[in-house]
Amino acid sequence: MLNLKNVSKFYYNKGIIATGFTKVNLELKLGEFVVITGESGSGKSTLLNVISGLDSYEEGEMYINGEETSHYTEKEFEDYRRKYIANIFQSFNLINSYTVYQNVELVLLLNGYKKRQVKKKVLDMIEKVGLTKFKNTKVSKLSGGQKQRVAIARAMVKDTPIIVADEPTGNLDTESAKDVIEILKKVAKDKLVIVVTHNIEQVEEYATRIIKMHDGRIIENTQRKEIKDEKRLVESEYHKITIFNKWRLGIRNTFNIVTKFLLLFAVFLFITVALLAEYAGFALSEDENNTSYGSAGFSDLSENRIIIKKQDKTPFTQEDYEKIKALSNTDYIVEDDLFIDNSISFYRNDISFYGNMRNIENLKGTVDLGRMPQAENEIVVRANKDQYNISHNTEEVLNKTYTLRNDGEQNKEIKVIIVGIQYRENDYDYQFEFYLSTPMMEKLRSMVNRNYSDITVFFNNKYTSYTVLPSEKVEKGKAIVSDDLKYEFSDGRVRNKPIVVTVSNIYYKEELNLTVGNTYTKSNYTRVTGYENYSPYQLPIFINQEEYDAIFDKPSYQSSVYIKDAKEIDQTMQELETLGMKPKKAMDFRVDYNASYKQVMKIIKLVVTVVLIVVLFFISYFIIRIILKSRNIYYTTLRMLGATFKSVKRILDIELFVNSTLAYMAVLGFIYLINQNMISFEYIAKLTSYLTIREYVVMYLVLTIMSQLIARRFSKKLFKNTAINTYNEEV
Ligand code: ADP
Ligand code: MG
């Protein structure tokens, strides 16, 4: 059944060739109990390993059941082993952290049996080797003889035709050695048993054949009993390990050695915390760097400012303002919100100032120079004391008439007299604040409205962008247009034709429905319109002065509420909403001017993160390898029992996955407790406030992937060598 013809085994080691054994010829049958003896180094183990398919051979042919094996690949030898071979070792090679039952069961689980199917088999086999009493005892607690009996049970339970035992009694006292051989003989009848031993007397009565080796050769081969009718060979059944059993073993391995579990757990804790801290720390520093903001629309983006409009889009009334003032968190209201953000220049001769307009009612305290205003056109200026014009040029400022002009506005000027100056604590802002009376603010508002409005004219069934100018000479409801426009109409007449002037800005849209009254020509231009300098290239439409003013002279549509306590902003926002307002936080309009700087920081962050992950990976890999190295025997044993690379990797995967998930959960639990204020760690609470669900999920994925990569690397290392080499290295 098992034939060796001129089989030789050589070892190549750094250019030196060593001989394991040479030209071995053997013919072994089922039912034989073969004993191999010989002094140390004579090649016994090497021969057993070749027969077991644990090691390759270089010369000759080995036949199993008539099939030649010299062309076998690693994979085919794996199948060969699973079908035919069970090994018993001198050092037992059991899994010490498993119970007797688990050790015997393991070989079946690895070979695709389902847990339910195996129970009886396993218990029967444990019974046969006389260990029923110890079935739930951890192997580490057993004596040597008992351990070897477990190894026999494990070798037998899979029911392979060949049992190979390399010095199974080498570590045992005479009594238990005898025991073991007896049991082996008893349970292995009808099988081919090959036993290496130094102690011939112990086996003599059972041996059917005794082989003596010397210096790599067989020098004696004595048949002591004839095997007459050889039994039919039955290959041992095996399948791929089930997913369920992989999980079972993976989870069992997570917890079977407490120290290992805790060490791995600590490593995963470290990785998780390092990753989360790195990310959150970065987000925090990024946030703290973000102090420079700007916005195209608003210049004051302080956290105390809430910009409000009304939900029904109507202008504010005094009643509205009273209600808002009554809110507990309201500091003050700037009714003309526009002037917070629009700088208006203010000049006299060659002196000019630039700044924000405020209502005199918002001026706190009193003036430092001059007096408070009494007339509508009198104003107060507030500025840094070290401003040159304020400190050295006071006579040019105080009690002088200045002209206010919004950028680009030429039609209308507003003249004011500065009667008071209030000093401000010097700050970096060199802008002035101008405090005006309410009627003056209204004039300004209408000026700004004009500036920011689009005027379109619907005439002769189309929209056109004529210049629209106010004129005292035009009646209400009428418009004066160029006489040339008559040519645009088929009837050649333009008088009494309808004309719609639409004014729109961000706050409102208003239409004036007019009809054409007079027309103007070059010769009557000034008389009819009141304007000079007729130009044939610019033919404006003139409308009534009062009507024109009324379109722009609107109450405020947008105001700002300044609040006392910025932390209470959400509460105040809600109160404003119940008052029928549409509030917006000014700080929400912050636009980052440092976008490109941030882009660079983002890239750096990415690089730092990737480097960190790689470094963490290697640190963890080396730590985990040291921890797992103690488990080499375990995995090699799995391999000897028929586990493939894939299933070993998967079992390790699961172990690391379970452990890393537990570590991750622990960190999450800790963060949860901190955020529930059950544990006080302000800094950590602050850090974690930068983590969103997304980050937590990403971190978990990174952690899982890392543990899988580690499992992969480690399994690859394990399988790089032949099973027997990995085994020998460790023993
Ligand atoms: P035994 O089991 O009879 O004591 P072995 O089979 O272990 O002997 O060894 C047989 C010969 O093969 C010895 O000369 C030994 O030095 C050599 N040998 C065994 N394993 C290796 C190896 N991995 N590399 C090189 N030589 C080896
Ligand atoms: Mg040996």
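How far is a nitrogen atom of ligand 1 from an N or O atom in the side chain of Tyr11? In this predicted model, the separation between that ligand nitrogen and the side-chain N or O atom of Tyr11 is 3.4 Å.

**Polar contacts of ligand 1**
- An oxygen atom of ligand 1 lies 2.7 Å from a backbone N or O atom of Gly41, and a polar backbone atom of Ser42 is found 3.3 Å from an oxygen atom of the ligand.
- On its own, ligand 1 would expose 550 Å², and the protein buries 66% of that area.

**The shell around ligand 1**
- Elements contributing two or more residues to the shell around ligand 1 are β1 (2-13), β2 (16-28) and α1 (44-52).
- The ligand is surrounded by 13 residues, of which Gly41, Gly43, Lys44, Ser45 and Thr46 are the closest.
- By residue class, the shell around ligand 1 comprises nine polar, two charged and two nonpolar residues.

**Packing of α3 and α5**
- Two packed helices are described by the angle between their axes together with the distance between those axes.
- For helix α3 (residues 100-110) and helix α5 (residues 144-157), the packing angle is about 25 degrees and the axes are 8 Å apart.
- Because angles under 35 degrees count as roughly parallel, α3 is roughly parallel to α5.
- The crossing in which α3 passes α5 is right-handed.

Conventions:
Residues numbered from 1 in each chain as written. Chains lettered and ligands numbered in written order. Predicted model: local features only at pLDDT ≥ 70, side-chain atom pairs only at ≥ 80, totals over all residues. Heavy atoms only, no water. Near = heavy atom within 4 Å. Polar contact = N/O pair within 3.5 Å; in protein donor to acceptor, adjacent residues only side chain to side chain. Areas by Shrake-Rupley, 256 points an atom, 1.4 Å probe, with all protein chains shown as cover. Helix = DSSP H or I, 4+ residues; strand = E, 2+ residues; numbered from the N terminus. Nonpolar A, V, L, I, M, F, W, Y, C, P; charged D, E, K, R; others polar. Axes fitted to C-alpha atoms, helices over the stretch in contact; angles between N-to-C directions. Parallel < 35°, antiparallel > 145°, perpendicular 65-115°, else oblique. Left-handed = near helix turned anticlockwise from the far one by under 90°.
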